[in-house]
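Biologist: I would like to learn how to read a fold from its coordinates. Can we start with how strands pair?

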Amino acid sequence: MSAIEQLIAGYRRFRGGYYEVNRERMIDLARYGQFPQVAVIACCDSRVDPAVITDSTPGDLFVVRNVANLVPPCEGEGIWHGTSAALQFAVCGLKVEHLIVLGHARCGGIRSLLEGPGDREDDKFITDWMSIAEDARKRALDRADLSTLEEQAHACELEAIGISLANLETFPWIRERIEQNSLHLHGWYYDMMSGDLLQLDSSSGKFVSLY
Ligand SMILES: [Zn+2]
């Protein structure tokens with residue numbers, strides 16, 4: 001069975017199973033709209049699905065996915081700001097109460113940032129995008145206690161979450177809602193090898209297990 005045939009078979013199972021069982025909820029979501037209280041900025045990585053990890057159902061999570069779950073700073077230049085547009089809709093339109101930056105282990109985007117830009121033309125968009133986390137790369141490489149690329153990548157993944165959380169506060173409509181206590185930021189980190197989901201503790205700066 002081809003990959004596409006597998007998807008179609010999966011859709012048919014969903015249509016006859018999950019959709020049928022939850023038909024009323026699906027129709028309510030269509031009729032009354034979505035009211036998620038949480039928006040998640042996650043990586044495009046196929047192994048890190050926020051809805052699966054948190055056992056959420058349709059309507060629960062507003063999900064923005066991009067390479068390495070990065071949030072750019074608020075910028076006036078340029079017009080194609082996909083992540084910023086999605087965040088604006090989540091915060092100003094849907095009025096979510098929580099924004100979660102969901103980082104993860106073995107992130108290909110972070111790995112490419114650490115290894116540095118190649119000379120291949122087909123890396124250009126990725127290299128430019130990953131420069132958002134340049135300070136995370138520097139901090140990870142500056143640490144004398146990290147000797148392997150794996151250790152540096154892990155540190156860089158955690159540091160990048162902090163950069164994205166700081167960048168969220170550069171958007172005036174986000175900062176305003178944080179000050180009003182109507183919006184809360186969270187940094188999470190998922191490791192698919194161990195199944196661990198960690199949360200950044202803002203007072204200690206450490207990631208602690210949510211299990
Ligand atoms: Zn990733």
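Modeller: Strand pairing is read residue by residue, through bridge partners. In this predicted model, Leu99 has Leu185 of strand 4 as its bridge partner.

Biologist: What pairs with strand 1, and in which sense?

Modeller: Strand 1 and strand 3 (residues 98-104) are parallel and share 5 bridges. Within that pairing, Val38 stands opposite His98 of strand 3. Strand 1 is also joined to strand 2 (residues 61-66), again in parallel, by 6 bridges. There the partner of Ala42 is Arg65 in strand 2.

Biologist: How many strands form the sheet, and in what order?

Modeller: The sheet is open and has 6 strands, in the order 2-1-3-4-5-6, with mixed pairing. Its edges are strand 2 and strand 6 (207-209), each of which pairs on one side only. On average, neighbouring strands are turned by 30 degrees against each other, direction ignored. Helix 5 (residues 82-93) packs on this sheet and touches strand 1 and strand 2. The direction of helix 5 makes about 170 degrees with that of strand 2.

Biologist: How should I read a nonpolar core?

Modeller: In soluble globular proteins, nonpolar side chains tend to be buried together. Here the largest nonpolar core holds 45 residues. The members that touch the most others are Ala39, Val40, Ala68, Leu102, Ala133, Cys156 and Ala160. Helix 9 (residues 149-168) gives the most to this core, with 8 residues.

Biologist: Which residues is Cys156 in contact with, leaving aside its neighbours within four places in sequence?

Modeller: With those neighbours set aside, the contacts of Cys156 are Ile110, Leu113, Leu114, Ala136, Arg137 and Ala140.

Biologist: Now a loop. Where is Asp196, and what is Asp196 in contact with beyond four places in sequence?

Modeller: For a loop residue, location, neighbour count and contacts can be read in turn. Asp196 sits in the loop between strand 4 and strand 5 (197-200). Asp196 is partly exposed because 14 C-beta neighbours fall inside 10 Å. Beyond four places in sequence, Asp196 is in contact with Asp191, Ser209 and Tyr211. Asp196 and Ala105 are 91 residues apart in sequence, while their C-alpha atoms are 10.0 Å apart in space.

Biologist: How do I describe the protein as a whole?

Modeller: Start with the inventory, then the overall dimensions. The secondary structure comes to 10 helices and 6 strands. The radius of gyration is 19 Å, close to the 17 Å from the globule rule for 211 residues, so the protein is as compact as a globular protein of that length. Along the principal axes, the C-alpha atoms fill a box of roughly 55 × 50 × 40 Å. Of the 211 residues, 28% count as buried. Among contacts between residues at least 6 apart in sequence, 63% join residues at least 24 apart.

Biologist: And how is the protein divided into domains?

Modeller: The domain assignment gives domain 1 (1-33) and domain 2 (34-209). The C-alpha centres of domain 1 and domain 2 lie 29 Å apart.

Key
Residues numbered from 1 in each chain as written. Predicted model: local features only at pLDDT ≥ 70, side-chain atom pairs only at ≥ 80, totals over all residues. Domains from an automatic or database assignment. Pairing = 2+ DSSP bridges. Helix = DSSP H or I, 4+ residues; strand = E, 2+ residues; numbered from the N terminus. Axes fitted to C-alpha atoms, helices over the stretch in contact; angles between N-to-C directions. Contact = placed C-beta atoms within 7 Å. Buried ≥ 20, exposed ≤ 12 C-beta atoms within 10 Å, placed from the backbone. Core = buried A, V, L, I, M, F, W, Y, C linked by C-beta atoms within 7 Å. Rg over C-alpha atoms; globule rule 2.2 N^0.38 Å.
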